[in-house]
Amino acid sequence: GEGTLRFGPGAYQFKGPMCALAGTVDLSGAGTITNGCFGAGAGTISDGTLRDPVFRLDAGAPNLVNCTFSGRGYLDVGDEPPAQPYPTDMTVLRFTGTAPNVSNWRLKGAGKKDLGAKFTVVGNEVKVTIEERGLLLLVR
């Protein structure tokens, strides 16, 4: 069923992505959550103070309401590079409230080798375009 789940100080200790499948996960009393991993769901994650949050490429876009962001955000591509063609303007998360500063967000995971990402805020969504990075020399 739907309802609200609240975390108290220090209670957010589990590993793996938090997916709010329905209802609301209220993080207002949990303090700062560092390196929390978030996945998708039809529910809402609310009022969190998120430092260096991690979002999963394969999990879809979570709904974050009135969360604050600090540090650097990450998109975890997993252990293998994403399938080509690489995602373009893919929604990483949806938010209401203050937009996160995505200028220093990065990819993480073993599959990120030779890949780069451009994160943008469009309306109330954070989007990513993943592309190959490297140096191309043309010698004549």
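## A place to start

A40 sits in the loop between β5 (37–38) and β6 (44–46); strands here are DSSP runs (E, at least two residues) and helices likewise (H or I, at least four), numbered from the N terminus. With a relative accessible area of 18%, A40 counts as buried, since buried means under 20% relative accessible area, exposed over 50% and partly exposed in between (1.4 Å probe, protein chains only). A40 and L64 are 24 residues apart in sequence, and their C-alpha atoms are 10.0 Å apart in space.

A word on the ground rules: this is a predicted model, in which local features need pLDDT of at least 70 and side-chain atom pairs count only at pLDDT 80 or more, while totals for chains, interfaces and linings use all residues. Residues are numbered from 1 along each chain as its sequence is written, and side-chain values use heavy atoms, with hydrogens and water left out.

## The chain as a whole

The chain has 15 strands and zero helices. Its C-alpha trace spans about 65 × 30 × 30 Å along the principal axes.

Of the 140 residues, 39% count as buried. The accessible surface comes to about 7,900 Å², and carbon and sulfur atoms own 49% of that (Shrake-Rupley method with a 1.4 Å probe; for residues, only the protein chains shown count as cover). Take contacts (heavy atoms within 4.5 Å) between residues at least 6 apart in sequence: 38% of these join residues at least 24 apart.

## The nonpolar core

What does the largest nonpolar core look like, and which residues have the most contacts inside it? It has 30 residues, and L27, F55, L75, F119 and I130 have the most contacts inside it. A core of this kind is a set of buried Ala, Val, Leu, Ile, Met, Phe, Trp, Tyr and Cys residues joined through side-chain atoms within 4.5 Å. β12 (90–96), β14 (115–122) and β15 (125–132) each supply at least two residues of this core.

Leaving aside residues up to four places away in sequence, I130 touches L57, L75, V77, P82, Y86, P87, L107, L115, G116 and A117.

Rings of Phe, Tyr and Trp (its six-membered ring) pair if their centres lie within 6.5 Å; planes under 30 degrees apart count as stacked, over 60 as edge-to-face and the rest as tilted. F55 and W105 are stacked, at 5.8 Å centre to centre and 15° between the planes. F55 lies in strand β8 (residues 54–56) and W105 in the loop between β12 and β13 (106–108), so this pair ties together parts that are 50 residues apart in sequence.

F55 is buried at 1% relative accessibility, and W105 is buried at 4%. The rings of F69 and W105 have centres 6.5 Å apart and planes at 55°, so that pair is tilted. F69 is in strand β10 (residues 68–70), so the F69–W105 pair links parts 36 residues apart in sequence. F38, F55, F69, W105 and F119 form one aromatic cluster.

## Cysteines

C37 is buried at 14% relative accessibility, and C67 is buried at 3%.
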